[in-house]
Amino acid sequence: MRYKAGFILAGSMLGLAMPVKGLGAPIVEYNFGLNGAGFTYAATTIAPNVTASGINSTNDFGVDDQFSTDAGVGDTSGWYSNNPGGNYLSVSSNASASDDGFWIETIVTAAPGYVIDPSSFEVYGGAGGSSAVRSCYIFDNVDGFPTSITPNASNPPAIVGGDLLASGPFTVVRGTGGTPAMNEFQVSSFSGADVNLSSFTVRAYFDTEGNVSKNIDIGTLELDGSVMAVPEPGTLGIIVGVGLATLARRRRSFAN
């Protein structure tokens with residue numbers, strides 16, 4: 001029992017200093033500006049000791065992508081009563097042929113001496129315009145991005161490469177019967193490899209399933225997790241030494 005106590009003490013001291021999975025506090029959030037405020041691509045919430053890109057779509061493999069901005073709930077174009085942010089970003093492909101996957105992403109980078117342990121990612125969005133099925137597919141840089149998304153006129157697209165973390169259709173379409181609403185898509189837990197990261201990229205791909213010029217309205221994006229300090233080598237050595245010394249004292253006590 002005393003041996004066990006010594007190991008527990010050493011382990012708990014290491015746990016206080018070394019990065020571990022967090023409980024899911026917000027690391028970065030985008031709501032495109034609260035209702036009544038100016039539209040922004042920049043992050044509206046950022047945890048200490050990290051930086052975050054603005055919402056980005058550079059080098060995606062969609063065709064003739066379009067991005068437009070809409071004012072939030074209560075404005076003349078504020079369709080979505082359940083949009084938790086306010087303003088929203090409308091994305092679409094305006095090509096003469098079906099899109100082959102377009103996306104938006106956030107890149108979060110830890111400050112020197114810190115690491116990121118993501119726990120969940122959430123997208124709120126709705127299908128704007130006329131009724132046509134549209135979908136969302138979430139990937140990250142650790143598990144890999146797809147190399148292509150081939151649209152299908154009546155079924156989900158064929159995705160090549162990457163590890164799909166979460167997906168789903170936008171089920172309530174703006175402008176049809178019923179109350180327009182945004183859907184929630186969530187990565188509830190990342191893989192075991194998504195820990196102790198100096199930089200982390202989450203990408204939400206969209207597909208209009210064979211329909212041209214169908215927009216998707218994004219209300220909020222949020223990445224949760226923890227940002228932890230990495231101990232200096234000297235500090236880590238002290239922690240290990242204290243734990244081992246504690247174990248040795250308990251062994252001597254047990255022997256006596």
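Which residue in β11 does Ser135 stand opposite? In this predicted model, Ser135 faces Pro169 of strand β11, and this pairing belongs to the contact between β11 and strand β8, which spans residues 135-140 and is joined to β11 by 4 bridges in the antiparallel sense.

The two strands are part of an open sheet of 5 strands, arranged in the order β3-β6-β13-β8-β11 with antiparallel pairing. Strands β3 (50-52) and β11 (166-169) stand at the edges of the sheet, and because each has a single partner strand, one side of each is left without a neighbour. From one strand to the next, the twist averages 15°.

Within this order, strand β13, comprising residues 199-207, lies between β6 and β8. Its pairing with strand β6 (residues 102-110) is antiparallel and extends over 8 bridges, and within this pairing Thr109 has Ser199 of β13 as its bridge partner. Towards the other neighbour, β13 is joined to β8 by 6 bridges, again with the strands running antiparallel; here Asp140 finds its bridge partner in Val202 of β13. Strand β8 is thus bridged both to β13 and to the edge strand β11.

Key: Residues numbered from 1 in each chain as written. Predicted model: local features only at pLDDT ≥ 70, side-chain atom pairs only at ≥ 80, totals over all residues. Heavy atoms only, no water. Pairing = 2+ DSSP bridges. Axes fitted to C-alpha atoms, helices over the stretch in contact; angles between N-to-C directions. Buried < 20%, exposed > 50% of the residue type's maximum accessible area, 1.4 Å probe, protein only.
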